[in-house]
Amino acid sequence: MSSHSAPTFKNPMVRWIDSRLPVFSYMHAEYGTFPMPKNLNYFWNFGALAMVVLVVMILTGIMLAMQYTAHIDYAFDSVERIMRDVNYGWLLRYVHMNGASMFFIVVYIHMFRGMYYGSYKQPRELLWLLGVVILVLMMGTAFMGYVLPWGQMSFWGATVITNLFSAIPIVGDSIVVWLWGGFSVDNPTLNRFFALHYLLPFVILGVVILHVIALHVTKSNNPDGIDVRGPQDTVPFHPYFTAKDSVGLGVFLMVFAFFVFFAPNYMGHPDNYIPADPLVTPAHIVPEWYFLGFYAILRSFTDDWWFFAWFMSWIMDAKLAGVLAMFGAIVVLALLPWLDTSKVRSCRYRPIQKWVIILFAVNFVVLSWVGGQAAEEPYVSIAQWSTLLYFFLLLVVVPVVGWIERPRPLPSSISEPVLKAGGGGMAGATAAKMEKS
Amino acid sequence: MADATQPGDGDEPKTERRDFLNYLAVATGAVGAGAFLWPVIHSMNPSRDVLALASTEVDLTPIEVGQAVTITWRGKPVFIRHRTEAEIADAQSVDVADLPDPQTDDERVQQAPWLVMVGICTHLGCVPLGQKPNDPKGEYGGWFCPCHGSHYDTSGRIRKGPAPLNLPVPGYEFTSDTSILIG
Ligand code: HEM
Ligand code: FES
């Protein structure tokens, strides 16, 4: 199973290249013989899915960029031209548009997997941190991409979000003018957003590569959260995970295709098919669905909220508090490896933490739901309590549960429960029985 | 520090000429890189052509009493309202001490009938309603921001809702009795 068992290639061309630039040995070690825990379940598909979506986004994005015009007078029309006149332009755009949503669904599930099975814990802290960095970059990329078609939501979303920076004391207003390159969201803003929207996915790709390198050092965690003891606990990546990832990919592509072909605008907002008008604000500005959870946290901080009034109003205004909380929500995620005080990784063996993490996920769904509602009762109160719960769970409950919880006994090895569950065969034989605990 | 040219004589390493040169080289590099950073950052600030379009002249003659117009200045909506006697009286009678952002009406206008301000909600930048005759004007008869429910009075001052500040008054001057230059 050693990843250094260099294979001898039959093809002389391959051998010639490999002895000069060992790409084939590398692929063989990292994706051929690479040892994977044999008890992984389908949650472990989502990293590979995210990688596929990233490639799809870059590919469709480059094709769109060949047809798109980054100027306020032409951007909207150029996108409509892509939809009507460019050969398969509608397909490229719908794949790109829905691909962004798919990307976030996949990454959110991927992160939930990490939280539930304790993948962020020692020794995978850095791997988790790189993941949070990717999430932040994705958010920036998606936000700027959404501005490009220059519809009403593009314009007003950009206005509201860039205005957040004006909450920063003293330099806030200068920062906003600097971001805009003018005195409002305008042509210079659109141009730089296009440049950055083109750049950031490649930065993401770079961080993804680091993420995968870190993964291949620590190797995959698994649903039992215990360490691999030896070859009897693993199976080689190929063919076991090339096959399993392909199954997951097939299912995922069907879901993706369903949206692209049957409900391409379901996850978008109709107002973005109205050209941007700096003089008319749409009645109800909402960000894309994948930002709604964080948007709800931002909006929760109002002057009349008791929590703000008691604890924060004497140092900052509500706007700044909201902005800090929104960014703070991501910072606490990054701190999770150090907030969790338990030695046991997987929630399978953590009777309390299991419900904490499930509650956290449900709460995030609730936040995302209220974030899309109008800012009125009862939604405001729901958002405020959910915001408190978000931070309370991560900052207070998770550390305390780590101390007081009595974990269930861990299996002595990965293969033990697999064999007990009646997987049949000998150690190392059937790897595909992964659903049983 | 301890390198080949400096045999370890047991003493703690001293700062030698060579170290000084190293520091100097690194410092020069840092200053050079820093000096280039500013042009890179500053290039993203508003350019000269953007700044050149920064003022706008407006003819006030067509605006009747009680009417309002919206013009664009620096890409932002500017509200110009020709206020009625009642609106002016309303704006002046408010007890300034009770306002979230205390300002008298006099501080906000140059000539009482003409209220000129940037029509951008000080909360998160939406354009408040109230310019058109049948727009909602909020509880104080001025403007209402539909985004998160901010109410502004007939002097454009914030009275209720999440916005922290009054609608800002841009720099402008009367170039004649019937026209103003904004910016
Ligand atoms: C991390 C990967 C990416 C994400 C999450 C992303 C996200 C988005 C989103 C949400 C939109 C708005 C879609 C709409 O409403 O029409 C968009 C538009 C666009 N993106 Fe991307 N994008 C990514 C990568 C790229 C890349 C690599 C390029 C080009 C090299 C690109 C070029 C474009 C162009 C030209 C548009 C405007 C056309 C349109 O609106 O369909 N994107 N992107
Ligand atoms: S932007 Fe006007 S109330 Fe929020």
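Analyst: Helices (H or I, at least four residues) and strands (E, at least two) are DSSP runs numbered from the N terminus. The structure is a predicted model, in which local features need pLDDT of at least 70 and side-chain atom pairs count only at pLDDT 80 or more, while totals for chains, interfaces and linings use all residues. Residues are numbered from 1 along each chain as its sequence is written, chains are lettered from A and ligands numbered from 1 in the order in which they are written, and side-chain values use heavy atoms, with hydrogens and water left out.

The buried residues of α11(A) are L292(A), G293(A), F294(A), Y295(A), A296(A), I297(A), L298(A), R299(A) and S300(A). Among the elements that cover them are α5 (89–116), α6 (125–147), α13, α14 and α15 of chain A. One of these, α6(A), has the highest confidence in chain A, at a mean pLDDT of 97 (pLDDT is the predictor's confidence in each residue, from 0 to 100).

E80(A) and R84(A) form a salt bridge with an N to O distance of 3.1 Å, and both lie in α4 (75–84) of chain A, four residues apart, about one turn of the helix. E80(A) is buried because its relative accessible area is 16%, whereas R84(A), at 65%, is exposed.

In chain B, the side chains of R83(B) and D105(B) meet in a salt bridge of 2.9 Å, N to O. R83(B) lies in the loop between β3 and α3 (85–92) and D105(B) in helix α4 (105–108), so the pair ties together parts of chain B that are 22 residues apart in sequence. R83(B) and D105(B) are both buried. Over all chains, the whole structure holds 11 salt bridges.

T281(A) is found between α10 (237–262) and α11 (292–300) of chain A, and it counts as buried because its relative accessibility is 10%. Beyond its neighbours within four places in sequence, T281(A) is in contact (heavy atoms within 4.5 Å) with W156(A), C126(B), V127(B) and C147(B). Its side chain reaches the backbone nitrogen of V127(B) at 2.6 Å.

The contact between the chains takes 22 residues from chain A and 21 residues from chain B. The two chains bury about 2,000 Å² between them, 67% of it on carbon and sulfur atoms. No salt bridge is counted between chain B and chain A. On the side of chain B that touches chain A, the elements giving two or more residues are α2, β2 (68–73) and β3 (76–82) of chain B. By class, that side has 11 nonpolar, eight polar and two charged residues.

The model scores ipTM 0.72 and pTM 0.85. Chain A has a mean pLDDT of 91, with 94% of its residues at 70 or more; chain B averages 85, with 92% scoring at least 70. Within chain B, confidence is lowest in helix α2 (48–52), at a mean of 82, and highest in strand β4 (114–118), at 92. In chain A, the lowest mean is 72, in α16(A). Over residues 423–437 of chain A the pLDDT is below 50, although this stretch has 28 contacts in the model beyond near neighbours in sequence. Where pLDDT is low, the predicted coordinates should not be read in detail.

Technical notes
Buried area is the accessible area (1.4 Å probe) that two parts lose on being put together, summed over both. A salt bridge is a side-chain nitrogen of Lys or Arg within 4 Å of a carboxyl oxygen of Asp or Glu. Ala, Val, Leu, Ile, Met, Phe, Trp, Tyr, Cys and Pro count as nonpolar, Asp, Glu, Lys and Arg as charged, and the others, Gly among them, as polar. Buried means under 20% relative accessible area, exposed over 50%, partly exposed in between (1.4 Å probe, protein chains only). A polar contact is a pair of N or O atoms within 3.5 Å; within protein, one must be able to donate a hydrogen and the other to accept it, and residues adjacent in sequence count only if both atoms are side-chain atoms.
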